[in-house]
Amino acid sequence: MWKIGSIEIEGKVVLGPMAGITTLAYRDFMKDFGVAVSYTEMVSDCGLIYKNEATYKYLELSLKDHPIGLQLFGGKKETLVKAVHLVESLKCASDFLDINLGCPMPKVTRSGAGSAWLKRVDELKQAMTAVVEASSKPVTAKIRIGWDVASINFMDTIRALEDAGVSMICVHARTTSQIYSGVPRYDLIGDLRLKMKVPLVISGDIFTLDDAIRALTLTKADAVMVARGSLGHPRLVSQIDTYLKTGIRLPDPTLTEQLQYLLDFAYRLIELKGEKLAIRELRGIGTHFLTGYPGMRKYKGEMSSSMETLSDLERIVNQIRQSVLTTQDGVDKL
Ligand SMILES: Cc1cc2nc3c(=O)[nH]c(=O)nc-3n(C[C@H](O)[C@H](O)[C@H](O)COP(=O)(O)O)c2cc1C
């Protein structure tokens with residue numbers, strides 16, 4: 001058991017926020033696999049202030065997906081605080097407020113937001129102190145280890161955030177200049193939790209159960225964040241959660257199980273976004289459910305290029321099911 005402020009957290013698997021992916025439908029789908037904590041997609045402070053309709057959509061939460069953090073990004077103390085007041089007035093049902101200090105994308109860092117804050121640690125401390133003061137809910141932060149290899153400063157950033165009163169910090173073990181590639185620098189953050197006053201969630205290349213065990217063991221973090229590793233592989237969350245609770249290693253899913261997961265997710269996404277938009281998004285996300293299973297290239301191609309409707313998806317899934325039945329003994333091949 002660990003805590004974010006006074007919120008008691010049951011498990012140790014956190015679903016990483018992913019803009020454009022971790023929609024309400026995705027979070028609800030993943031929750032059933034043992035996600036302990038989720039985040040909304042990142043929400044622009046100015047989008048809230050200027051009443052951008054699309055921004056407000058990100059505030060929609062489901063009843064079952066708790067605890068959840070509303071993730072804000074912004075490059076100035078004043079706009080962040082204003083957005084926090086707005087969120088407070090809306091009585092948003094999120095359980096905590098997270099500030100994105102790790103986004104590496106130029107369209108975000110250009111305005112001083114996301115990981116651009118890592119270059120202004122003193123100013124960050126002031127801004128986060130004001131955010132903590134403005135929020136009635138615990139405030140957390142998601143950082144990277146530094147801007148680039150020449151300016152690795154995660155310990156200074158962590159100290160500033162702790163002094164500001166944050167209740168948990170998630171560290172993505174990459175620099176901003178690595179974006180999402182290259183090796184996360186776990187070598188630089190051994191025993192990190194032992195040097196911190198607040199809970200630590202660790203993030204970076206968690207694609208297997210053993211990746212999670214290694215990250216937790218190396219850093220002594222309270223929890224591990226699964227992000228890209230969850231794409232098309234929701235069972236990964238159950239595998240990590242079950243192992244950490246019982247020591248049991250769950251098997252990888254069969255292709256037949258993967259197809260059922262894909263359909264479950266598709267129905268939820270269609271409910272949220274309508275068939276046309278959901279199927280378009282599934283052209284990308286859907287193919288991940290087939291990754292790692294032999295003989296899927298043809299179906300992935302079909303899914304990513306020509307799928308327009310739910311019946312297209314169901315037809316492809318049925319074709320794959322037929323092909324599974326006709327392989328030796330009808331047993332799924334892994
Ligand atoms: C497409 C994509 C979108 C992301 N969006 C966000 C975001 O909105 N906020 C955030 O804090 N992190 C975001 N991240 C970072 C992830 O939450 C995670 O920290 C990162 O991918 C490292 O974990 P991984 O290597 O296991 O995927 C995003 C990552 C990806 C790949």
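User: In which element does Gln 71 lie, and what makes that element a helix or a strand?

Analyst: Gln 71 lies in strand 6, a strand being a DSSP run of E with at least two residues and a helix a run of H or I with at least four, both numbered from the N terminus. The model is predicted, so local features need pLDDT of at least 70 and side-chain atom pairs count only at pLDDT 80 or more, while totals for chains, interfaces and linings use all residues. Residues are numbered from 1 along each chain as its sequence is written, and side-chain values use heavy atoms, with hydrogens and water left out.

User: Is Gln 71 to be called buried or exposed, and why?

Analyst: The relative accessibility of Gln 71 is 2%, and buried means under 20% relative accessible area, exposed over 50% and partly exposed in between (1.4 Å probe, protein chains only). Gln 71 therefore counts as buried.

User: Which residues are closest to the ligand, and what makes a residue count as near?

Analyst: A residue is near if one of its heavy atoms lies within 4 Å of the molecule. The ligand is surrounded by 17 residues, and the closest are Pro 17, Gln 71, Ser 203, Asp 205 and Arg 228. By residue type, the shell holds seven nonpolar, six polar and four charged residues.

User: Which atoms of Pro 17, Gln 71 and Ser 203 lie 2.8 Å from the ligand?

Analyst: For Pro 17, a backbone N or O atom lies 2.8 Å from a ligand oxygen atom. Gln 71 places a polar side-chain atom 2.8 Å from a nitrogen atom of the ligand, and Ser 203 places one 2.8 Å from an oxygen atom of the ligand.

User: Where is Lys 91, and what makes its phi worth noting?

Analyst: Lys 91 is in the loop between helix 4 (77-89) and strand 7 (96-101), and its phi is positive, about 50°, although the residue is not a glycine. With a relative accessible area of 71%, Lys 91 is therefore exposed.

User: How exposed is Asp 191, and where does it sit?

Analyst: Asp 191 is in the loop between strand 9 (168-175) and strand 10 (200-203), and its phi, near 60°, is likewise a positive value in a residue other than glycine. Because its relative accessible area is 31%, Asp 191 is partly exposed.

User: Is Ile 240 buried or exposed, and why?

Analyst: Ile 240, in helix 9 (residues 235-246), has 0% relative accessibility and therefore counts as buried.

User: What kind of peptide bond joins His 66 and Pro 67?

Analyst: The bond is cis, with omega about -5°, and Pro 67 lies in the loop between helix 3 (53-57) and strand 6 (68-73).

Notes:
A polar contact is a pair of N or O atoms within 3.5 Å; within protein, one must be able to donate a hydrogen and the other to accept it, and residues adjacent in sequence count only if both atoms are side-chain atoms. Ala, Val, Leu, Ile, Met, Phe, Trp, Tyr, Cys and Pro count as nonpolar, Asp, Glu, Lys and Arg as charged, and the others, Gly among them, as polar.
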